[in-house]
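Biologist: I would like to learn how to read a protein model step by step. Could you take me through the one shown here?

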Amino acid sequence: MHEMSYVVRFVSLALDRAKESGASEVRSLTVSVGEMTDIVPEYLYRYYPEAVKGTIMEGSELKVEVVPVKIRCAGCGETYHPDRSNAYSCPFCGGSKGEICQGRGMSLKELEISS
Ligand SMILES: [Zn+2]
């Protein structure tokens, strides 16, 4: 399961950040996960307690936010959410070329700490 490695990576990032701000305890960690990834939030929740065991994050709550995919159309520059109703192409000009500008990867969004 690659989710475990994501969790480990984010926990270590969050721990660095918590230490920098002089926290003695972490209450919650919020991560955003892009809709375009193959990360299953359920597994993140499952592995989290194991990953934070023995750290100042032990007992904290994990919150996962799913970020919807957005595409910036190469034809007209508008951004849209690709789905079946618009045949995954631009609803403004009908173009099918574009770049994913949101909804990829995973990032650390928020860290709630107490000192
Ligand atoms: Zn367009």
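**Reading the model**

Modeller: The protein has two helices and six strands, where helices (H or I, at least four residues) and strands (E, at least two) are DSSP runs, numbered from the N terminus. This is a predicted model, in which local features need pLDDT of at least 70 and side-chain atom pairs count only at pLDDT 80 or more, while totals for chains, interfaces and linings use all residues. Residues are numbered from 1 along each chain as its sequence is written.

Biologist: In what order do the elements run from the N terminus on?

Modeller: The order is α-β-α-β-β-β-β-β.

Biologist: How should I read a sheet, and which strands form the open one?

Modeller: Strands of a sheet pair through backbone hydrogen bonds, either parallel or antiparallel. Two strands are said to pair if DSSP finds at least two bridges between them. Here three strands form an open sheet in the order E4-E3-E5, with antiparallel pairing. Strand E4 (79-80) and strand E5 (98-102) stand at the edges with a single partner strand each, so one side of each is left without a neighbour in the sheet. Strand E3 (residues 70-73) and E5 pair over four bridges, and isoleucine 71 stands opposite isoleucine 100 in E5.

Biologist: What is a nonpolar core, and how many residues has the largest one?

Modeller: In soluble globular proteins, nonpolar side chains tend to be buried together. A nonpolar core is a set of buried Ala, Val, Leu, Ile, Met, Phe, Trp, Tyr and Cys residues joined through C-beta atoms within 7 Å. The largest one here has 18 residues, and Ala14, Val26 and Leu29 have the most contacts inside it. Helix H1 (3-20), strand E1 (25-34), helix H2 (41-52) and strand E6 (106-114) each supply at least two residues of this core, and the largest share, five residues, comes from H1.

Biologist: Is glutamate 3 buried or exposed, and where is valine 40 placed?

Modeller: A residue is buried if 20 or more other C-beta atoms lie within 10 Å of its own, exposed if 12 or fewer, and partly exposed in between, with C-beta atoms placed from the backbone. Glutamate 3, in helix H1, is buried because 20 other C-beta atoms lie within 10 Å. Valine 40 lies in the loop between E1 and H2, and is partly exposed because 14 other C-beta atoms are within 10 Å. Although these two residues are 37 residues apart along the chain, their C-alpha atoms are separated by 7.3 Å.
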